[in-house]
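Dear colleague,

I am handing over a structure that you have not worked with before, and I would be grateful if you could look through it alongside the notes that follow it.

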Amino acid sequence: MHPILAIDHGEARIGLAATDEFGIAAFPVETIQQATTEPLERLAEIIAQRKTKTLLLGLPLKSDGREGDAAKKIRSFGKELQETFPDLPLHYHDESFTTVAASAKLRQAGKKAKNQKDIIDQAAALEILQNFLGW
């Protein structure tokens, strides 16, 4: 199962976080800027470098637990992931409030809200990963 690569897919940016090869630790990896980088190509490089065994994709659910339009977009991206990386299991995990939690932790660490843009997506991916693992 490990390493797991967690993906927080947004309109402009894709945040990534990963476990180590043993699943003992998790850490932010990178933010992919979709305007300047082809996401699937960059993901292929990262998956190869990290010897990823499992993909985890954050799924935005409504407050009542149902899927809406945002979840449909993510499932569409998930389909692309499955077609591009057919040998890797893909799991979805509720990403509700992960960006809010990540932002709060960054503020606690001294990172002002206006300075979080470069790392907030990675931090949100880390939240998704830690929630999935039950940490």
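Predicted model: local features only at pLDDT ≥ 70, side-chain atom pairs only at ≥ 80, totals over all residues.

Residues are numbered from 1 along each chain as its sequence is written, and side-chain values use heavy atoms, with hydrogens and water left out.

Taking a salt bridge to be a side-chain nitrogen of Lys or Arg within 4 Å of a carboxyl oxygen of Asp or Glu, the model contains eight salt bridges.

One of them joins the side chains of R13 and D121, with 2.5 Å from N to O. Because R13 lies in strand β2 (residues 13–19) and D121 in helix α4 (residues 120–133), this pair ties together parts that are 108 residues apart in sequence; here helices (H or I, at least four residues) and strands (E, at least two) are DSSP runs, numbered from the N terminus. Both R13 and D121 are buried, where buried means under 20% relative accessible area, exposed over 50%, and partly exposed in between (1.4 Å probe, protein chains only).

A salt bridge also links R42 with E45, whose closest N and O atoms are 2.6 Å apart. These two residues sit three residues apart in helix α1 (residues 39–50), a separation of about one helical turn. R42 is buried at 18% relative accessibility, whereas E45 is partly exposed at 41%.

In another salt bridge, R75 meets E67 at 2.7 Å, N to O, with R75 partly exposed at 34% relative accessibility and E67 partly exposed at 37%.
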